[in-house]
Amino acid sequence: MRRRLVVLGSVLAVAGGVPTAVGFFVDPRRASFAYLFGYASVFTVVAGALFLLLIGHASNATWFVAVRRPAEHVVGTLPAVAALLAPVLLSVKRLYTWTDPGSLDAHAHRIVLRKAAWLHEPFFVARAFVYFAVLLGVGELLRSWSLAQDRDAGRAASLRKRMVALSAGGLPLVAFALTFASFDWLMSLEPTWYSDVYGVYVFAGGFVAALGLFGAMLGVPASRNALPPGVSAEHFSAVGRLELAMVVFWTYIAWAQLVLQWIADLPLEVTWYIARSHGGWQWVGVALLALHWAVPFFFLLSRALKRRRVPFVAVSVWLVAVHALDIYYLVLPALEPGRLGVHWLDLTALIGVAGAVLAFGAWRADGVAPYPASDPLFDASTRYEAA
């Protein structure tokens, strides 16, 4: 199965990557924005999976132990995700207007100059290396210690203590890395605008999608009766409750940011929304409200539906898909404010990045045990029942 995924991912990487590469020659600026959209969509999901792993360990969540391996497989793609940032770093001048303050109007020029210490190209690139040093360091240690439990059951208890300790200490480090990465790679697309909760918004969306991917990945072995003995609808329900909570949290952050900035009516704060309030973008905002909140919210309220594999997997896949729409809403209006112009490069870039990450993740997962049977909490995890 995993080898077939390697082939599928490789085919998708080529099918999406080749036309995207051609796009960089035909229309470099449009291709750069399309690639950033595809990259950010995948990066935020992988970062969300790392948060899921950290929270599961730090909270000592018993139910999570028996089913955590899919999350570890997603986190295992971080080296590929780091490498795939290269086209973004090479496209800095095409993506970010702050690299050429002289091209801005007088008002924007003054604002960008005040941020020059931070919005500085070599520092921008250096920070990207720091972000991935944190993400890769934490993610690779957690994954390697988990796999070491499979090889050496005698060290399983001590390795678990290491994972819990690293997760508790690593959560704030990863949170800061994702927050500042979102400021750099996404918010600075419109350098005159800022939001204190932007990083939280990006985290919430990525975490929702990561939970969706995690739920969908659990559904595949469940369809083949390949889950650990004892894993039941209770575990699906636990993931579904997390999905519901994070859908509500994402909606709250999005609404709070909109209401506070719109009521204040400060020029530096409302420009971001003005660019997304006409030219077709307003309907994308309405679609996000309906598709990212209303549809999954009312579905996930049902206890029965969360416990049924097929509808649960369907809504989980839905969460991943609408997250891509959310990232599209964050990135593309910076290219042409007030004008919704969908381009074929947007799809090919997303397919190419996702395919490459899928192939790499499936390759790394090949030969890995399907569940951490040596973990001290494994047996208790398979007997989990919601209170």
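Predicted model: local features only at pLDDT ≥ 70, side-chain atom pairs only at ≥ 80, totals over all residues.
User: What makes up the secondary structure of the protein chain, in helices and strands?

Analyst: The protein chain has 18 helices and 0 strands.

User: Why is the protein chain called as compact as a globular protein of that length?

Analyst: Set the value against the rule. The radius of gyration is 21 Å, and the globule rule gives 21 Å for 387 residues.

User: What share of the 387 residues is buried?

Analyst: Buried residues make up 51% of the 387. The cut-off for that label is under 20% relative accessible area.

User: What share of the contacts between residues at least 6 apart in sequence joins residues at least 24 apart?

Analyst: That share is 83%. A contact here needs heavy atoms within 4.5 Å.

User: Why is Ser381 called buried?

Analyst: Its relative accessibility is 0%. The limit is under 20%, so Ser381 counts as buried. Ser381 sits in helix α18, residues 378–382.

User: Which residues does Ser381 contact, leaving aside its neighbours within four places in sequence?

Analyst: Ser381 touches Thr62, Trp63, Phe64, Val65, Ala66 and His235.

User: How do you know whether Gly355 is buried or exposed?

Analyst: Use the cut-offs again. Buried is under 20%, exposed is over 50%. Gly355 has 0% relative accessibility, so Gly355 counts as buried. Gly355 lies in helix α17. Beyond its neighbours within four places in sequence, its contacts are Gly9, Ser10, Leu12 and Ala13.

User: How far apart are Gly355 and Arg110?

Analyst: In sequence, they are 245 residues apart. In space, the C-alpha to C-alpha distance is 42 Å.

User: Now the empty space. How do you know where empty space is left?

Analyst: A probe the size of a water molecule is rolled over the atoms, and this shows where space is left empty.

User: What makes a space a pocket, and what is the volume of the largest pocket?

Analyst: A pocket is an open set of points, with protein on both sides within 12 Å along at least five of seven lines. The largest pocket has a volume of about 1,400 Å³.

User: Which residues lie nearest the centre of the largest pocket, and which elements line it?

Analyst: There are 42 lining residues, and Leu5, Val74, Leu213, Met217 and Leu358 lie nearest the centre. Elements giving two or more residues are α1 (2–26), α2 (28–58), α4 (69–75), α11 (198–223), α16 (309–331) and α17 (344–365). The largest share, 10 residues, comes from α17.

User: How does the lining of the largest pocket divide by class?

Analyst: It divides into 33 nonpolar, 6 polar and 3 charged residues. Gly is counted as polar.

User: What about the second largest pocket: what is its volume, and which residues are closest to its centre?

Analyst: About 500 Å³ of space lies in the second largest pocket. It has 19 lining residues, and Ala254, Leu258, Tyr273, Gly285 and Tyr329 are the closest to its centre. α12 (233–264), α13 (267–274) and α14 (281–300) each supply at least two. α12 gives the largest share, 7 residues. By class, the lining has 13 nonpolar, 5 polar and 1 charged.

User: Why is a space called a cavity, and how many of 30 Å³ or more are there?

Analyst: A 1.4 Å probe fits inside but cannot get out, so the space is called a cavity. The count is 2 cavities of 30 Å³ or more.

User: What lines the largest cavity?

Analyst: The largest cavity holds about 60 Å³ of space. Its lining residues include Leu36, Tyr39, Phe43, Trp185 and Val202. α2 and α10 (156–185) each give two or more. α2 gives the most, with 5 residues. The classes are 9 nonpolar, 2 polar and no charged.

User: And which residues line the second largest cavity?

Analyst: They are Arg30, Trp281, Leu332, Leu335, Glu336, Arg339 and Gly341. That lining divides into 3 nonpolar, 1 polar and 3 charged. Asp, Glu, Lys and Arg are the residues that count as charged, so Arg30, Glu336 and Arg339 fall in that class. The volume of the second largest cavity is about 40 Å³.

Conventions
Residues numbered from 1 in each chain as written. Heavy atoms only, no water. 1 Å grid on protein atoms, 1.4 Å probe; cavity = no way out; pocket = protein on both sides within 12 Å on 5 of 7 lines; lining within 4 Å. Points joined across faces, edges and corners; volume = space filled by probe spheres on them. Helix = DSSP H or I, 4+ residues; strand = E, 2+ residues; numbered from the N terminus. Rg over C-alpha atoms; globule rule 2.2 N^0.38 Å. Buried < 20%, exposed > 50% of the residue type's maximum accessible area, 1.4 Å probe, protein only.
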